[in-house]
Amino acid sequence: MTTTLADIPLTTITGEATSLGAFAGKVLLIVNVASRCGLAPQYEKLEALQKKYESRGFTVLGFPSNQFLQELGKNEAIAEYCSATWGVTFPMFDKVKVNGKGAHPLYQELVKAPYDGSSKEKGGKIKWNFEKFVITPSGDVHRFLPNTEPDDPAIVSVIESALPA
């Protein structure tokens, strides 16, 4: 039996069991986040995308990771930081590893995708915090480098083309 991305077990930042299946039919923007990263201001643009498109079937999903040693220690502290500092309302998940032997199964699958757009990068391990994956309802995975802003036209174009009119 083949496991799909939707079948991979996930845990929310508050400890509830779920999967991407809970978001079936939506356009997803999956991001590995870190509170103490210089790219953390991207939270503001991620939340703006959430607000702009959520009524059309879109959601950002944040996956905290300390793989690059820039995330807070406890889920409660991460949730508080995201809410208080950036007004985050999109779903956040349990802290995960994104690279190596201990990488979360979701990231083991996501890193197989090549980068979209002008990047000459082929894919492979996560380069840094705030790497982005847009997953369409049909299961297509579009990958963007960490320094690609959430509101970059390439990301917005993928989101808008996958949403219902």
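# Notebook: looking around a predicted model

**Entry 1: the overall fold**

I began by counting elements, and the protein chain has four helices and six strands. I kept in mind that this is a predicted model. Reading from the N terminus on, I wrote the order down as β-β-β-α-β-α-α-β-β-α.

Next I looked up the overall size. The C-alpha atoms fill a box of roughly 40 × 35 × 35 Å along the principal axes. For 165 residues, a compact globule would have a radius of gyration near 15 Å, and the protein chain has 15 Å, so the two agree.

How much of the chain is buried? I found that 48% of the 165 residues count as buried. The protein chain exposes about 8,100 Å², and carbon and sulfur atoms supply 54% of that area. I also checked the contacts with a separation of 6 or more: 68% of them are between residues 24 or more positions apart.

I turned to strand 3 (27-33) and asked how many of its residues are buried. The answer is seven of its seven residues. A reminder to myself: in a regular strand the side chains alternate between the two faces of the sheet. On one side of strand 3 I listed Val27, Leu29, Val31 and Val33, and on the other Leu28, Ile30 and Asn32, with both faces covered.

Strand 4 (residues 58-64) pairs with strand 3 in the parallel sense, over seven bridges. I looked up two of the partners by name. Leucine 29 stands opposite valine 60, and valine 33 has proline 64 as its bridge partner.

Strand 4 is mostly covered too, with seven of its seven residues buried. Phe58, Val60, Gly62 and Pro64 point one way, while Thr59, Leu61 and Phe63 point the other way.

**Entry 2: aromatic pairs**

How many aromatic pairs does a search of the whole structure find? It finds nine. I noted how to describe them: a pair of aromatic rings is given by the distance of the centres and the angle of the planes.

I picked out phenylalanine 23 and phenylalanine 93, which form an edge-to-face pair at 6.5 Å centre to centre, with 70 degrees between the planes. The pair links distant parts of the chain, 70 residues apart. Phenylalanine 23 is in the loop between strand 2 (17-19) and strand 3, and phenylalanine 93 is in the loop between helix 2 (75-86) and helix 3 (105-110). Both phenylalanine 23 and phenylalanine 93 are buried.

Then I took tyrosine 43 and tyrosine 81. Their ring centres are 6.3 Å apart and their planes are at 65 degrees, so this pair is edge-to-face. Tyrosine 43 lies in helix 1 (residues 42-53) and tyrosine 81 in helix 2, so the pair ties together parts that are 38 residues apart in sequence. Are these two tyrosines buried or exposed? Tyrosine 43 and tyrosine 81 are both buried.

Tyrosine 81 has another neighbour to note: arginine 36 lies over the face of its ring, at 5.1 Å from the ring centre.

I also followed the ring pairs onward. They link Phe23, Phe63, Phe93, Tyr107 and Phe133 into a cluster. Phe63 was already in my notes as a buried residue of strand 4.

**Entry 3: two positive phi values**

Leucine 69 has a positive phi of about 60 degrees, and it is found in the loop between strand 4 and helix 2. Leucine 69 has a relative accessible area of 72%, so it is exposed.

Phenylalanine 130 has a positive phi near 70 degrees. Where is phenylalanine 130? It lies in the loop between helix 3 and strand 5 (132-135). Its relative accessibility is 0%, so phenylalanine 130 counts as buried.

**Entry 4: alanine 162**

My last stop was alanine 162, in helix 4 (residues 153-162). With a relative accessible area of 21%, alanine 162 is partly exposed. Which residues does it touch, not counting those up to four places away in sequence? Alanine 162 touches Val27, Thr136 and Pro137.

Notes. Residues are numbered from 1 along each chain as its sequence is written. This is a predicted model: local features need pLDDT of at least 70, side-chain atom pairs count only at pLDDT 80 or more; totals for chains, interfaces and linings use all residues. Side-chain values use heavy atoms; hydrogens and water are left out. Rings of Phe, Tyr and Trp (its six-membered ring) pair if their centres lie within 6.5 Å; planes under 30 degrees apart count as stacked, over 60 as edge-to-face and the rest as tilted. Buried means under 20% relative accessible area, exposed over 50%, partly exposed in between (1.4 Å probe, protein chains only). A charge sits over a ring if NZ of Lys or CZ of Arg is within 6 Å of the ring centre and within 35 degrees of the ring normal. The radius of gyration is taken over C-alpha atoms; the globule rule is 2.2 Å times the number of residues to the power 0.38. Contact means heavy atoms within 4.5 Å. Accessible areas come from the Shrake-Rupley method with a 1.4 Å probe; for residues, only the protein chains shown count as cover. Two strands pair if DSSP finds at least two bridges between them.
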